[in-house]
Amino acid sequence: MKTWVVRLVSLLVFNIAVLLMIGFLTPARVGWAALWAGIVLTAIVIWIKPLLSRWFGGMAARSADRRTRVGEKVAEFFVAFAIAFLVWIATVLLSGVSIGGWFWGWILPPVLLMIGWAIYDVIDDRVEAHAGALYDRATGTRAAAADATGPRPAVGDTRATAQGRKELRDGLTEEQRRMLDEL
């Protein structure tokens with residue numbers, strides 16, 4: 001539960017920032033609708049974007065053997081743009097965002113969404129870790145969880161050494177531990 005709350009809140013804050021950036025860089029009027037549009041965008045990104053990605057990815061995969069590497073990258077870009085375009089249309093239709101012009105309102109915002117998603121993919125682990133720490137501090141559950149995980153690392157241990165000790169204790173890597181926490 002904590003993982004989903006942290007992921008939703010961090011993605012919501014990031015989406016609101018991206019929407020405000022779109023409102024600043026384009027003639028699209030976001031304004032106070034950014035909060036509702038951020039909620040709509042977050043819901044679409046979490047539940048509908050993966051379905052669209054599978055659908056468009058499956059269509060593109062059927063002809064992947066006939067494309068070169070450059071052709072494959074171009075196809076990946078157009079699939080990502082089509083997904084961002086559909087997400088942008090749904091966000092505009094379901095929120096109070098108003099747009100103007102075909103290029104500034106329909107073409108540029110999906111490109112900015114794609115750039116925002118790429119940035120979020122790079123920093124999402126750090127953002128979610130920081131949001132998780134804030135969540136733990138707010139609920140007071142971190143201290144009890146730290147005591148339950150076992151002994152504290154020795155003085156002078158590096159982060160890698162501490163992770164190695166954790167892995168020896170339960171046999172799981174950090175990624176496997178995170179995946180189990182998400183279940």
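**View 1. F81, a buried residue of helix α3.** With a relative accessibility of 17%, F81 counts as buried (buried means under 20% relative accessible area, exposed over 50%, partly exposed in between, with a 1.4 Å probe and protein chains only). The rings of F81 and F85 have centres 6.2 Å apart and planes at 20°, so this pair is stacked (rings of Phe, Tyr and Trp, the last by its six-membered ring, pair if their centres lie within 6.5 Å; planes under 30 degrees apart count as stacked, over 60 as edge-to-face and the rest as tilted). About one helical turn separates F81 from F85, which are four residues apart in helix α3. F85 is partly exposed, at 26% relative accessible area.

The model is predicted: local features need pLDDT of at least 70 and side-chain atom pairs count only at pLDDT 80 or more, while totals for chains, interfaces and linings use all residues. Residues are numbered from 1 along each chain as its sequence is written, and side-chain values use heavy atoms, with hydrogens and water left out.

**View 2. F77 and F81 in helix α3.** Both residues belong to helix α3, residues 69–94 (helices are DSSP runs of H or I with at least four residues, numbered from the N terminus). F77 is partly exposed, with a relative accessible area of 42%.

**View 3. An aromatic cluster.** F77, F78, F81, F85 and W106 form one cluster. Seven aromatic pairs are found in the whole structure.

**View 4. Charges over the rings of W117 and W4.** The charged end of K49 sits over the ring of W117, 4.1 Å from its centre (NZ of Lys or CZ of Arg within 6 Å of the ring centre and within 35 degrees of the ring normal). R7 lies over the face of W4, 5.7 Å from the ring centre.

Methods
Helix = DSSP H or I, 4+ residues; strand = E, 2+ residues; numbered from the N terminus.
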